[in-house]
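Hi,

Here is the structure I promised to send over. Have a look at it first, and then read on for what turned up in the salt bridges and pockets.

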Amino acid sequence: MKRSELNTLIQNAESLLQKYCFHLPPFAFWTPEDWNARGSEADEIREQQLGWDITDFGSGDFSKVGLLLFTLRNGTFEELDKPLGKIYGEKLLIAAAGQVTPIHFHHQKMEDIINRGGGRLVLQLWNSNDDNSLADSPVTVSRDGLSITLDAGQELVLTPGESVCLPQRLYHTFWAHQDYGPVLIGEVNRVNDDRIDNHFYESVGRFPEIEEDVAPLRLLTIDYPNFANA
């Protein structure tokens, strides 16, 4: 993906969040120069991969297959072993109308997916077999505290305010319904490391290769190691 495209996507995201009165933490707006001025006090942001994350999953067409994320908070796997550890995380996602996130599950992360505002969020869910294939068995999940059972791959539609809890190894794909515009998606989750915890049903690229055609407006989480004091 070109850096100019990433810059535009972030600018559009900032405008959409302003429209929905969702406020990001101050580090969301740091410039590369701001990052270069930061030392060890920002280690948690860097090490826990907090911040902007944009991917086209290697599709080459972000508008059709892609996702914009912002990780607000996250613990570590080490915290999971502590009686009172920080074992939770929170993300914000933006799905454009018709834009698909490919089928995947998480090895250890459980997550609540929440329609925070905008259009309608559509999901498909499958249980996974031991060999990581898609199971054809019914799927039972908690939708806002109510147990529901769906056929494998049946569409589940979330309107603003609705949510669903997805356990580990439950395959899922989701998109914003084409007819209702973008969706602001909340995610409340167990500790997560996107570098190792995602299993995609088909081979995809989780993080983009960036063509540096212009200077970055904001840094992505994958940019942190390439800047001073990272």
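Lys-86 and Glu-44 join their side chains in a salt bridge, with 3.1 Å from N to O (the term stands for a side-chain nitrogen of Lys or Arg within 4 Å of a carboxyl oxygen of Asp or Glu). This pair links distant parts of the chain, 42 residues apart: Lys-86 sits in the loop between helix 4 (77-80) and strand 3 (88-95), and Glu-44 in helix 3 (residues 43-47). Helices (H or I, at least four residues) and strands (E, at least two) are DSSP runs, numbered from the N terminus. Lys-86 is partly exposed at 24% relative accessibility, and Glu-44 is partly exposed too, at 41%. For these words, buried is under 20% relative accessible area, exposed is over 50%, and partly exposed is in between (1.4 Å probe, protein chains only).

Before you go further, please note that this is a predicted model: local features need pLDDT of at least 70 and side-chain atom pairs count only at pLDDT 80 or more, while totals for chains, interfaces and linings use all residues. Residues are numbered from 1 along each chain as its sequence is written, and side-chain values use heavy atoms, with hydrogens and water left out.

The whole structure holds 15 salt bridges. Another of them pairs Glu-212 with Arg-3, whose closest N and O atoms are 2.8 Å apart. Glu-212 lies in the segment after strand 13 (198-200) and Arg-3 in helix 1 (residues 3-19), so this contact ties together parts that are 209 residues apart in sequence. Arg-3 is buried, at 1% relative accessibility, whereas Glu-212 is partly exposed at 48%.

Asp-53 and Arg-206 also form a salt bridge (2.5 Å, N to O), and both residues are buried. Through shared partners, salt bridges join Asp-53, Lys-91, Asp-194 and Arg-206 into one network.

Now to the pockets. Which element gives the largest share of the lining of the largest pocket? Helix 1 does, with four residues. The space in this pocket is about 220 Å³, and its lining has nine nonpolar, three polar and no charged residues. Residues lining the largest pocket include Leu-9, Phe-62, Ile-94 and Pro-182. A pocket here is an open set of points on a 1 Å grid over the protein atoms alone, where a 1.4 Å probe fits, with protein on both sides within 12 Å along at least five of seven lines; lining residues have an atom within 4 Å of a point.

Best wishes

Key
Grid points are joined across faces, edges and corners, and a volume is the space filled by probe spheres set on the points. Ala, Val, Leu, Ile, Met, Phe, Trp, Tyr, Cys and Pro count as nonpolar, Asp, Glu, Lys and Arg as charged, and the others, Gly among them, as polar.
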